[in-house]
Amino acid sequence: MNWIIPANNNIYDHEAAFKKWGYIDWKQNSNYSIGDIVYIYCTRPLMKIMYKTQVEKVKMDFSDIVNDKEFWFDKSQYGKAESYVRLRLLNEIEDERLGLNYLLEHGLKGAPQRGVKINSDELKIYIEKIMQEGKNIEILLEEEGTYEIYEGGKSSIKINKYERSPNARQKCIEYHGVSCKICGMNFEEVYGEVGKGFIHVHHIKPISEIDKEYTVDYKNDLIPVCPNCHAMLHRKINGRNLSIDELKKVINRK
């Protein structure tokens, strides 16, 4: 069985809890079975599915759950449930196509107020399609070293994978907006509705230098940029990447 449950990021820090344990122990308001898939729909202001989890344990007592009080912004809500379910994280994604309006177009009856079964095959297939695509696009690939590719030959390169934080990306966009901070391009102004909300987010500090325990500051560590400027920021010139200010000067010289 597949489910959608609502979660308020202003009450509980799901992202941090998942990062620490790889699961969350959540109040059990529905008749889940072990092995069920549960999609977590983040409520306002995000209003989209952002996590795919699988039920690992059900009907847990408060004494059986992990002590996650540190992740409750509203401490008064901690330990209020009668029973709990353990949700193991399978995938984390930030994609506008999993926003409420798109979900409604593909069979969701309304914004989830509590756990709801996904009875629509169309909705189930749609969510999984986006989730599978997200496994390919929600990973930042950082090149290690230099390499050459010869026509007709073979070349191997070493790639490191670094997980992106959907919440940090979303907060960056909410703070900085969706116009490129290098060239000023706004995709909605150029492409209309199809470009609404589209923008890349660049790590000012190279992500390969970020320790896994490092907490990203979305105001100072991230910046919205268009794909062209993003590519230029990652292109090495004389062995190093251009800084944001240097790339701005290149554009302003034209």
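A salt bridge here is a side-chain nitrogen of Lys or Arg within 4 Å of a carboxyl oxygen of Asp or Glu. With that in hand, here are my notes.

1. Ground rules. This is a predicted model, in which local features need pLDDT of at least 70 and side-chain atom pairs count only at pLDDT 80 or more, while totals for chains, interfaces and linings use all residues. Residues are numbered from 1 along each chain as its sequence is written, and side-chain values use heavy atoms, with hydrogens and water left out.

2. Overview. You will find seven helices and 12 strands in the protein; these are DSSP runs numbered from the N terminus (helices H or I, at least four residues; strands E, at least two). Of the 254 residues, 39% are buried, where buried means under 20% relative accessible area, exposed over 50%, and partly exposed in between (1.4 Å probe, protein chains only). Taking contact as heavy atoms within 4.5 Å, residues 24 or more positions apart account for 67% of the contacts with a separation of 6 or more.

3. Salt bridges. The whole structure holds eight salt bridges. One of them joins the side chains of Glu94 and Lys48 at 2.6 Å, N to O. That pair links distant parts of the chain, with Glu94 in the loop between S5 and helix H2 (100-105) and Lys48 in strand S4, 46 residues apart. Glu94 counts as buried because its relative accessibility is 5%, and Lys48 counts as buried at 2%. Lys48 and Glu94 also belong to a salt-bridge network with Glu96.

4. Two further bridges to look at. Arg88 and Glu56 meet through their side chains at 3.0 Å, N to O, in a salt bridge. Arg88 sits in strand S5 and Glu56 in strand S4, so this pair ties together parts that are 32 residues apart in sequence. Both ends are partly exposed: Arg88 at 28% relative accessibility and Glu56 at 32%. Asp95 forms a salt bridge with Arg97, with 2.9 Å between the closest N and O atoms; here Asp95 is buried at 8%, whereas Arg97 is partly exposed at 27%.

5. Aromatic pairs. Rings of Phe, Tyr and Trp (its six-membered ring) pair if their centres lie within 6.5 Å; planes under 30 degrees apart count as stacked, over 60 as edge-to-face and the rest as tilted. By this rule there are 12 aromatic pairs. Among them, Trp21 and Phe71 are edge-to-face, at 5.4 Å centre to centre and 90 degrees between the planes. Trp21 lies in helix H1 and Phe71 in the loop between strand S4 (48-60) and strand S5 (84-92), so the pair ties together parts that are 50 residues apart in sequence. Trp26 and Trp72 are stacked instead, with 5.6 Å between centres and 5 degrees between planes.

6. Helix H1. Within residues 14-21, the buried ones are His14, Glu15, Ala17 and Phe18. Seen down the axis of H1, these fall within an arc of 165 degrees, so they line one face of the helix; the arc is that of the directions from the helix axis to the C-beta atoms. Just after H1, Gly22 takes a positive phi of about 85 degrees.

7. Around Cys180. Which part of the chain holds Cys180? The loop between helix H4 (166-176) and H5 does. Cys180 counts as buried because its relative accessibility is 4%. Leaving aside neighbours within four places in sequence, Cys180 contacts Met185, Ile199, Pro224, Val225, Cys226 and Cys229.
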